[in-house]
Amino acid sequence: MHPRVVIVGTVPYNVRSSSRAFDAYFHFWKKDNLAQIFSNPKKPCKGHCSTFFQITDHRILKRWFSNVDTGIVYYDRELGESWDNSEYEVGKIIKKAYKLGGKRTAFTHLARGLLWRKRFWCTDKLNEWLDEFNPECVFLAFSNDYFINEIALYVSKRYNIPMVSCIGDDYYFNWRVTLNPFYNLYMITYRSLIRKVLSVKGSAIYISDKIRDKYNKEFSMNGETVYLSSTVKRRVFSLIKQDRPVITYFGNVRIGRNQSLCDIANALGEYNADYRIEVYSNEQDESYISILKKNPFIIFGGSIPYEQVQERMSNSDITLVVEGFEKSDVDISRYSLSTKAADALASGSIILTYGSIECGIIEYMKNTGASAVCTSRTELLPTIRELFNNETLQKIYYDQAVVMTKKNHTLERSCAVAEKVFRRAMEEK
C-alpha cells in the first residue's frame, strides 16, 4: 500500500511539460493517495493526483490588498485531459510580471520571496484541505524560489512526517563569486532554507548519479538516482539516409544550447550544404532564437505538441543532444539530465551529443556508449563525417541505446526505485 503523499511543486503533472517526469515516480501509484500543492497559474489536467491546491502569484498579490482567498481546490474527476493554454486568470500587468519573473534573477527571487509571506499562503482553507487529505509524507519538487521549499517544510513539520526531496538541478552549490548584493543575499538566505529542508527526516530522489553523490555526501543522505522514463516508440534500426536525412533537436535553446546548435549546423553545412537541422522549441524570446533563424542550415519549427515530438523523434535519422560551453552555462547544467536523454535513447534514432563534458547530460551520454559524443568545435566535422559513413558504428549506437533504455529508463524500473525511496523514508520516520 502506498503512503498518502502530498506533492509540493510549481507545476502539476502534464505530459506536454517537464513535469511529465512525475510519471517516473508515480505512474503505478493509487490516485487517492496523491495530492499536490502548486503555483502555476494554469488549471491542471488529469494526472496522478486525486486533488490539487493552487496558489498563484496573482492571488497572493491580491491578498496583500484584500481578503481574497489565495487557494483554489481542484479534483481530478473534474479536470480535462490537457491544459488549456488560454486559461490564465491574469491581466496584462500581471502577465508582464510573470514574464519579468521568468528571467530568474536574484532580485526577482528576493521580490517573490517577499510577496509570498507565510501569512498569505498559510490559510485556513489550505490547512483544512491538508487535514482532509491527511498526508503521511511530503514530496518536494525542488525549486530555486523560497516558497515551494517553505510550504513543503511547513507541511512536514505540521504533521511530523518525512520528506522526500526531488533534486534535479544544483541550486545549492552553484554559488558564483560576485559583488552583486542581491545575489549574495539571495544565496545566503536560500542556502540556509535548503539546509533546514534537508535536515528533515526523509530521503531524496536525484536525476543523475553525479548530483546524487554531491548531495548525499554533503547532507549525509541515502537518496537514490531515479532516471526519467520515456514513452517514445522505438523505430527499427535503419542506416542514416545520405539523401536529405532528418536531423532534429527538441527542447530548451537557452544556456548556450542555441550556439551549440549553430556550431553543429555550420559543420553539417560544411559536410553537405543540402542538409538541415530542424529545431523545435517553446522559446519565444528573440534574443535566444534569432541566431537559429538566421542560420542557413537550421529550420526553426517553434513549438509543437509533445505527441508530435515523440513521432518526429522516432522518425529522425539523427537526434541532437546539446549543451553550452561557457562557464556560466556549464554551472547551470553541470548536474542536469533532462527528459531529452531518455527520449533520445528510446527513440531508435542515432544520437549526436555535443557540449562541454562537464555538463551532466554530456557526461551521461558519453558513459552510455550509445551516442556519438563531441566536446570540441574543431572535432565536429570529423565526428559528423564518421557518423554518416560508419555503418557499423551506427548499429553499435542503436544496440547500446536499447541496452541503456532497458537498464535505466523504463517506467517499471524508475517507479520501483522511487517506491523504495519512499518506503525507506517512512521506515526512518
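## Starting with Arg4

Is Arg4 buried, partly exposed or exposed? In this predicted model, Arg4 has a relative accessible area of 25%, so Arg4 counts as partly exposed. Its side chain meets that of Glu136 in a salt bridge, at 3.7 Å from N to O. This pair ties together distant parts of the chain, 132 residues apart: Arg4 lies in the segment before strand S1 (5–8), and Glu136 sits in the loop between helix H6 (124–133) and strand S5 (137–141). Glu136 is partly exposed too, at 26% relative accessibility.

Side chains of opposite charge can pair when their charged atoms come close. The whole structure holds 22 salt bridges. One of them joins Glu224 and Lys420, at 3.6 Å from N to O. Here Glu224 belongs to strand S8 (residues 224–225) and Lys420 to helix H18 (residues 411–427), 196 residues apart.

Arg254 and Glu283 form a salt bridge as well, with their closest N and O atoms 2.6 Å apart. Arg254 is partly exposed at 28%, whereas Glu283, at 14%, is buried.

## Two crossing helices

Now look at helix H16 (residues 380–389) and helix H17 (residues 391–408). Their axes come within 5 Å and cross at roughly 90°, so H16 and H17 are roughly perpendicular to each other. Residues that meet here include Phe388 and Asn389 in H16, and Leu393 and Tyr397 in H17.

## A nonpolar patch

On the surface, Leu61, Trp64 and Phe65 form a nonpolar patch with about 340 Å² of accessible area together. Trp64 is found in helix H2 (residues 57–65) and is partly exposed, at 37%.

Definitions and conventions:
Residues numbered from 1 in each chain as written. Predicted model: local features only at pLDDT ≥ 70, side-chain atom pairs only at ≥ 80, totals over all residues. Heavy atoms only, no water. Patch = residues over 30% accessible without salt bridge, like charges linked within 9 Å, V, L, I, M, F, W, Y side chains within 5 Å. Areas by Shrake-Rupley, 256 points an atom, 1.4 Å probe, with all protein chains shown as cover. Salt bridge = Lys/Arg side-chain N within 4 Å of Asp/Glu carboxyl O. Helix = DSSP H or I, 4+ residues; strand = E, 2+ residues; numbered from the N terminus. Buried < 20%, exposed > 50% of the residue type's maximum accessible area, 1.4 Å probe, protein only. Axes fitted to C-alpha atoms, helices over the stretch in contact; angles between N-to-C directions. Parallel < 35°, antiparallel > 145°, perpendicular 65-115°, else oblique. Contact = heavy atoms within 4.5 Å.
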